Amino acid sequence: MFNQILWWIGNAIEALILARSIKGKLYEKYPAFYFYLSTVLLIELLRFTAYTFQPSLHRLLYWYTEYLVATVGYGVILEIYKHALKSSPGAARIARVFLLGVLAAVILKVVANALTNPVWSPATTLADLERDLRAVQALLLFVIVALLAYYRVPVGRNLKGIAFGYGLYVCVCVMSLAFDSLPAFELQPEWRYVQRIAYLAALSIWAYTLWSYRPIPQPEIESEIERNYKILAGHTMRVLSRARSFLKLGGEL
Amino acid sequence: MSQLLPYLVLGLLLLAVLAWWVWGAITHRGAAEVLSPRQHRSSVRSIGLQRDLGERIFGPQDWDFVSRETPSEIQRMFQRERTVLALTWLRRTRLQVSQVMRAHVAVVHQSDDLQIATEIRIALSYFLFLFLCNSLIGWVWLHGPVRTRKIVRQTFQWAAQLRGVFEQLMARVDPASCRVAGTNFNQGTVRN
């Protein structure tokens, strides 16, 4: 019953966010994110239909669609990367290096796993695959968010909401899917609520931050830099001049 | 259980970085003002100026005099007051280095020719400096500035390194200004 309530509330918030995006034309600004949200909503409805009319199909459908949702989620990360680091070429450069590193590490791990463990079991593999997909997402988000935090890149409210909400959800997914693989947790139905509650929290964040379009603030500091760099150069000249006078006097410099 | 560990660590790391990001956004709302390069430059300069003050606070001269010429009560009073002074100086130095870092990150994230290796070096130097500075604050608070003198010398060296690396980076970010300054210096045309 509780799960049903959470499910309906989730769908209602999703529909609300999508309706707001149509009204404010936000989907034009963040197409990958709204595509992700629409996919999730459609899949939820599809699962509900399957659960009602064809319960035997539901379990298999659940895992395949979970995998699909996780894959579409990569579009959201790409969108966060693209928008957040657009006006920060320096930070974007570091991000590219680290993201390529993550990609290379993942490919290596997949190849290594395929070589060492050739036995395939679809049911466990899909669950593990989702966990691994989410883990890679968590890694990518970690790199992007760490750079945004370190360089204090100005990010608009919309994008901040998307990144924070999705980051929170992915974080909970990674941890709960990892615990899911333990027999002690697998059989506890309450454990399944954790992901759903996290998704509801993410939806609430998105509903609040994506209510209307807020452009990404352009760093005013850019013009400041030009202006201040002249002052900066003046300071450098004075410092160098003083250094020269130290040399003349035989001082420590 | 051990197979869970990487996933848990990853989840916690992401959670921590998200919290750091949100916290940073809340506490540095007026960052643009704080991060202006003008302030950064003055911070760089005042770090240099403060070095003399730090050397005096932690230096042996005053303590040698007090321990030689005054009774134990005065010595204790001197140590108490010097501890307060040293802690204030350390906190101020930490604040100024942080301002330099803030200005640095505000400038370089827009720079096209940013050097990743240099960036990592700066970040490591900065975090090491913070670690050492905070450790020193603890040491001074516990043992007083006289016994902490040796460790402080190491802080000076790291601060100087950080400053050197930062100035190198500024030259890369805005080579034109630095070139102008350098040329003028070489030709001896700079007037104070």
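Good morning. A surface patch, as I use the term today, is made of residues with over 30% relative accessible area and no salt bridge, and nonpolar side chains are joined into one within 5 Å. With that in mind, please turn to the structure above, which is a predicted model.

Which residues make the nonpolar surface patch of about 530 Å²? They are A:Leu100, A:Leu103, A:Ile107, A:Val111 and A:Leu115. One of these, A:Leu103, belongs to helix α5 of chain A, which covers residues 89–116.

I turn next to a pair of helices in chain A. Helix α3, residues 31–53, packs against helix α4, residues 55–84, and their axes are 9 Å apart. The angle between α3 and α4 is about 175 degrees. Angles over 145 degrees count as roughly antiparallel, so α3(A) is roughly antiparallel to α4(A). Sorted by class, the residues in this contact are 18 nonpolar, six polar and three charged.

Finally, let us consider two loop residues. A:Lys25 is not a glycine, yet its phi is positive, at about 55 degrees. A:Lys25 sits in the loop of chain A between α1 (2–24) and α2 (26–29). Is A:Lys25 buried, partly exposed or exposed? Its relative accessibility is 46%, and therefore A:Lys25 counts as partly exposed.

The second residue is A:Arg152, in the loop between α6 (122–150) and α7 (157–180) of chain A. A:Arg152 has a positive phi of about 50 degrees, although A:Arg152 is not a glycine. Because its relative accessibility is 29%, A:Arg152 counts as partly exposed.

Thank you for your attention.

Conventions
Residues numbered from 1 in each chain as written. Chains lettered and ligands numbered in written order. Predicted model: local features only at pLDDT ≥ 70, side-chain atom pairs only at ≥ 80, totals over all residues. Heavy atoms only, no water. Patch = residues over 30% accessible without salt bridge, like charges linked within 9 Å, V, L, I, M, F, W, Y side chains within 5 Å. Areas by Shrake-Rupley, 256 points an atom, 1.4 Å probe, with all protein chains shown as cover. Salt bridge = Lys/Arg side-chain N within 4 Å of Asp/Glu carboxyl O. Helix = DSSP H or I, 4+ residues; strand = E, 2+ residues; numbered from the N terminus. Buried < 20%, exposed > 50% of the residue type's maximum accessible area, 1.4 Å probe, protein only. Axes fitted to C-alpha atoms, helices over the stretch in contact; angles between N-to-C directions. Parallel < 35°, antiparallel > 145°, perpendicular 65-115°, else oblique. Nonpolar A, V, L, I, M, F, W, Y, C, P; charged D, E, K, R; others polar.
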